[in-house]
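Hi everyone, thanks for coming. Let me put today's model on the screen.

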Amino acid sequence: MQASIAMVACILGLIAWWLTGASAYLAGALFIILPWPWTLLVMMPTNRMLEAMDVEAPNSQARSLIVRWGKMHLVRVALGALATIAFLWALHLP
């Protein structure tokens, strides 16, 4: 559901940029869609390593991978926050 909402927000941001010329809308549209490639290209290898692990077996690597995943997830959170800031900024432009 989040992916489809991000796609709609990106399209609407691009339309707003096209109609107004306000670069903040373009920035918001890019920031809102960037978590997709980040997740697929950067986070997915870690996800796959975690999914491949046996839950019952002790694994010393699991904790470091989970910590790493958490740090990568913070990038997605930051991108969403930047998109929100950009869209709010665009609303206040003349």
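This is a predicted model: local features need pLDDT of at least 70, side-chain atom pairs count only at pLDDT 80 or more; totals for chains, interfaces and linings use all residues.

Residues are numbered from 1 along each chain as its sequence is written, and side-chain values use heavy atoms, with hydrogens and water left out.

Helices here are DSSP runs of H or I, at least four residues, numbered from the N terminus. Take H1 and H2 to begin with: their axes, lines fitted to C-alpha atoms over the stretch in contact, with angles from 0 to 180 degrees between N-to-C directions, come within 8 Å and cross at roughly 165°. That makes H1 roughly antiparallel to H2, the term for angles over 145 degrees. H1 passes H2 in a left-handed crossing, meaning the near helix is turned anticlockwise from the far one by less than a right angle.

Now H2, residues 23-33, and H4, residues 60-91: their axes come within 8 Å and cross at roughly 160°. H2 and H4 are therefore roughly antiparallel too, and H2 passes H4 in a left-handed crossing.

On to the surface. Which helix gives the largest share of the nonpolar patch? That is H1, residues 2-20, with nine residues. Members of the patch include Met7, Trp17, Trp18 and Trp36, and together the patch has about 1000 Å² of accessible area (Shrake-Rupley, 1.4 Å probe, only the protein chains shown counting as cover). Patch residues have over 30% relative accessible area and no salt bridge, and nonpolar side chains are joined within 5 Å; a salt bridge is a Lys or Arg side-chain nitrogen within 4 Å of an Asp or Glu carboxyl oxygen. Met7, in helix H1, is partly exposed at 31%, that is, between buried (under 20%) and exposed (over 50%).

Methods:
Patches are made of residues with over 30% relative accessible area and no salt bridge: like charges are joined within 9 Å, nonpolar side chains (Val, Leu, Ile, Met, Phe, Trp, Tyr) within 5 Å. Helices (H or I, at least four residues) and strands (E, at least two) are DSSP runs, numbered from the N terminus. Buried means under 20% relative accessible area, exposed over 50%, partly exposed in between (1.4 Å probe, protein chains only). Angles under 35 degrees count as roughly parallel, over 145 as roughly antiparallel, 65 to 115 as roughly perpendicular and the rest as oblique.
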